[in-house]
Amino acid sequence: MKILAISDPHGDYSKMKQIIEKAGDFDLAVVVGDITNFGPDEQVDELAEMFDKPVLAIPGNCDQKTILEALENSKAVNLHGKAEQIGKIRFIGLGGSNPTPFNTPFELSEEEIENALEGMVCSAENSGECGTIVLLTHAPPLGARDELPFGHVGSKAIQKFLDRVDLIVCGHIHEAKGSEKVGKTVVVNPGEACKGSCALIEIEETGNKPIEVEFVEV
């Protein structure tokens, strides 16, 4: 499966058409938050309509919590707090972020994040149908793709799921675009879509071929 991963468009979709064209043939798009820049929620429809492939989406901390209703009514699949099985790949989603100094609209406590993810990850681990577990979060795990000049700012709760899932696609920290592997988990921050960044992620559904990540700029 080839996945187009997008994060942090922040309501500026001016480069999205170029991103989609340059990505070429992909099976699925995932949008991991900050779909808008503090609203309006209706921008979800504008973004979702740009794709002719399935879209899984979660909100970011700069989205209003009311965006969940707009996601439910859009072409995209709202994956916040939910799981979706596609072939042998289980997608799990949780939007918002761990607390920030800026009191942004969609923040969750570390306890809320851990409680929300534990059941879904545990269910995926125990599912006979599931070959690969993909976690979509807006915030990165502590210690991976989360570094700012003054230190690491990722989620301690999400960190606990490193080595339990195969792939984490996150955003939030604009300066931390890139990928790295922690244990068995590949962590990918596609960069800011509003600036023309995205990532193409290839997952082989059969066999043990490593997850491949290619970054694309337009």
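The chat below takes up a strand, its partners and a charged patch.

A: Gladly, and please keep in mind throughout that this is a predicted model.

Q: Let's start with β12, then: how many of its residues are buried?
A: Strand β12 covers residues 185-189 and is mostly covered, with 5 of its 5 residues buried.

Q: And which way do the residues of β12 point?
A: Thr 185, Val 187 and Asn 189 point one way from the strand, while Val 186 and Val 188 point the other way, and all of them are buried.

Q: Which strand pairs with β12 in the parallel sense?
A: That is β10, residues 167-169, which pairs with β12 over 3 bridges, and within this pairing Ile 168 stands opposite Val 187.

Q: What about β11, parallel or antiparallel to β12?
A: β11, residues 178-182, runs antiparallel to β12 and is joined to it by 5 bridges; here the bridge partner of Glu 180 is Val 187.

Q: How many residues sit between β11 and β12 in the hairpin?
A: There are 2 residues between the two strands, and Gly 183, which lies in the turn, has a positive phi of about 65 degrees.

Q: Switching to the surface, which residues gather in the patch of negative charge?
A: The patch is formed by Asp 27, Glu 202, Glu 204 and Glu 205.

Q: Where does Glu 204 lie, and why does it count as partly exposed?
A: Glu 204 lies in the loop between β13 (197-202) and β14 (212-217). Glu 204 counts as partly exposed because its relative accessibility is 36%, and that class lies between the cut-offs of under 20% for buried and over 50% for exposed.

Conventions:
Residues numbered from 1 in each chain as written. Predicted model: local features only at pLDDT ≥ 70, side-chain atom pairs only at ≥ 80, totals over all residues. Heavy atoms only, no water. Buried < 20%, exposed > 50% of the residue type's maximum accessible area, 1.4 Å probe, protein only. Helix = DSSP H or I, 4+ residues; strand = E, 2+ residues; numbered from the N terminus. Pairing = 2+ DSSP bridges. Patch = residues over 30% accessible without salt bridge, like charges linked within 9 Å, V, L, I, M, F, W, Y side chains within 5 Å. Areas by Shrake-Rupley, 256 points an atom, 1.4 Å probe, with all protein chains shown as cover. Salt bridge = Lys/Arg side-chain N within 4 Å of Asp/Glu carboxyl O. Lys, Arg positive; Asp, Glu negative; His and termini not counted. Charge placed at Lys NZ, Arg CZ, Asp CG, Glu CD.
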